[in-house]
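Subject: Structure handover

Hello,

Below is the structure I said I would pass on. My notes on it follow.

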Amino acid sequence: TGVSVREAPKIIQYFSGLLLVSFAAFIGTVPLTTYHFGMLPLWGILVNLVVIPVIGLVVISSFVVILTSLVWAPLGKLYAEFPDLLIRWMNSLLPVLEREGLGAMQIPDYHWGIVFLVYGVLAAILGWRYDITKRVVLFGGLISVNLWLVLYPGDKKNVRVTFLDVGQGDAAVIELPDETTLLVDAGIRTTSGDRGQEVVVPYLNRRGISDVDIAVLSHPHNDHVGGFPWILRHFRVREIWDTHHTYSTKVMGEIRSLADSQRTVYRQISAGFDTLIQGARFTTFFPMSKNLTENINNHSFVQQMEFGQTDVLWTGDIEHEVDPYILHYDTLLRADLLKVPHHGSITSSTLPLIKAIDPKYAVVSVGEGNKFDHPSEVVLDRYRTSGISPILTMETGAVVFESDRKKWTRIDWRND
């Protein structure tokens with residue numbers, strides 16, 4: 001005969017109870033966590049078998065610390081080592097799981113109605129013993145939600161441009177109507193973090209983007225290309241656009257090596273490069289095909305995307321020395337939407353350039369408290385006196401615009 005849970009040894013009963021609690025918590029919260037964070041904890045249930053008892057020990061030992069500290073502070077300080085050790089151990093465990101691919105799986109963006117659908121299914125399962133009226137209401141609601149989700153008209157006609165908040169660096173995502181995706185820069189990578197991993201990838205997954213059709217490297221400085229190795233390791237990147245330069249760094253070496261191993265098309269393009277992608281025209285104004293200066297900032301792309309009657313201009317980190325090479329394009333430089341050069345540095349955004357571009361919106365990709373003191377107040381005033389209010393990512397977070405071919409509309413991504 002079988003042995004019931006109640007008849008099993010206490011240790012088995014204990015872990016069975018933990019497993020059931022962990023499973024219930026997982027099922028109850030996973031629709032919300034995957035919707036809001038785009039992450040599915042792969043080993044959440046099993047990890048909780050360890051974490052829940054440890055958290056219990058932390059709470060109990062913390063109370064002991066508080067009580068003993070009231071009696072004799074040195075003893076409380078000594079006891080505080082124990083909960084501190086447990087917390088540090090848990091903090092060290094999570095990165096190991098993530099590094100081994102056991103932490104969490106990225107989940108593509110999905111409609112919020114799915115959350116109600118999942119909870120509706122759970123309610124229907126739990127309410128199976130209810131009377132017939134309640135069953136009809138439950139299943140009728142589920143059918144209605146399904147029909148609404150199927151018939152919900154998705155908007156695939158607009159171009160969407162998102163300037164991500166990657167701190168002191170650049171990263172922007174262009175989504176074309178046919179779901180073609182371009183990634184212009186990918187933020188910085190340092191010993192303290194990788195913006196490609198921490199910011200760009202979660203955004204791409206949130207938007208349901210599994211492939212990057214074109215990765216654009218505005219220029220090879222780390223605050224622009226540092227996140228690309230992580231992107232190349234976790235996404236299929238079909239093509240890379242790079243400028244003509246001989247700049248060699250560890251990050252650039254990784255990018256070239258990964259692109260070669262994955263047979264990614266690698267193009268070095270320059271002024272005059274012009275291509276049409278699904279109704280959006282990309283025109284390159286700079287740099288020249290040969291190196292004009294040792295200043296790598298001045299090897300940055302100046303590239304325009306035209307979609308219908310709307311334009312956006314990317315300028316990388318160009319400085320004022322580039323002005324003579326691009327101002328002769330005159331009215332061709334005009335763009336409604338501008339990625340402000342060099343994070344708003346005093347070395348860029350001269351008045352003649354601002355007037356030539358004549359933007360309606362100017363986005364400054366910049367990190368708060370950066371060591372370069374970007375953006376310069378002098379530069380910001382140049383835009384303001386030109387009738388343009390600069391938008392700073394360090395103040396607003398990500399900045400999102402959509403074009404319907406006639407005008408740019410700023411999107412409130414927090415409510416999108």
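Helices (H or I, at least four residues) and strands (E, at least two) are DSSP runs, numbered from the N terminus. This is a predicted model, in which local features need pLDDT of at least 70 and side-chain atom pairs count only at pLDDT 80 or more, while totals for chains, interfaces and linings use all residues. Residues are numbered from 1 along each chain as its sequence is written, and side-chain values use heavy atoms, with hydrogens and water left out.

Threonine 315

Threonine 315 sits in the loop that connects strand S14 (310–314) with helix H11 (323–326). Its relative accessibility is 1%, so threonine 315 counts as buried (buried is under 20% relative accessible area, exposed over 50%, partly exposed in between, with a 1.4 Å probe and protein chains only). A polar atom of the threonine 315 side chain lies 2.6 Å from the backbone oxygen of lysine 339. Leaving aside residues up to four places away in sequence, threonine 315 touches Ser300, Phe301, Val302, Leu338, Lys339, Val340 and Pro341 (contact means heavy atoms within 4.5 Å).

The sheet

Seven strands make up an open sheet with mixed pairing, in the order S11-S12-S13-S14-S15-S16-S17 (two strands pair if DSSP finds at least two bridges between them). Strand S11 (274–277) and strand S17 (390–392) are at the edges with a single partner strand each, so one side of each has no neighbour in the sheet. On average, neighbouring strands of this sheet are turned by 20 degrees against each other, direction ignored (axes are lines fitted to C-alpha atoms, for helices over the stretch in contact, and angles run from 0 to 180 degrees between N-to-C directions).

S11 and strand S12 (residues 280–286) run antiparallel and are joined by four bridges. Aspartate 274 has threonine 283 in S12 as its bridge partner. Helix H13 (residues 377–385) lies across strand S15 (337–339), strand S16 (361–364) and S17, at about 135 degrees to S17.

Helix H10

Buried in H10 are Val251, Met252, Glu254, Ile255, Leu258 and Ala259. Viewed down the axis of H10, these buried residues fall within an arc of 155 degrees, so they line one face of the helix (the arc is that of the directions from the helix axis to the C-beta atoms). Lys250, Asp260 and Ser261 are exposed on the other side of H10. The packing partners of the buried residues of H10 are strand S6 (189–190), helix H8 (222–225), helix H9 (228–234), strand S9 (236–242) and strand S10 (265–268).

Backbone exceptions

Most residues other than glycine have a negative phi, and most peptide bonds are trans. Aspartate 185, in strand S5 (residues 181–186), has a positive phi of about 70 degrees and is buried at a relative accessible area of 2%. Glutamine 278, in the loop between S11 and S12, has phi near 50 degrees and is partly exposed at 49% relative accessibility.

Two peptide bonds to proline are listed here as cis: phenylalanine 286 to proline 287, with omega near 10 degrees, and histidine 374 to proline 375, with omega near -5 degrees. Proline 287 is in the loop between S12 and strand S13 (302–307), and proline 375 is in the loop between S16 and H13.

Regards

Methods
Polar contact = N/O pair within 3.5 Å; in protein donor to acceptor, adjacent residues only side chain to side chain.
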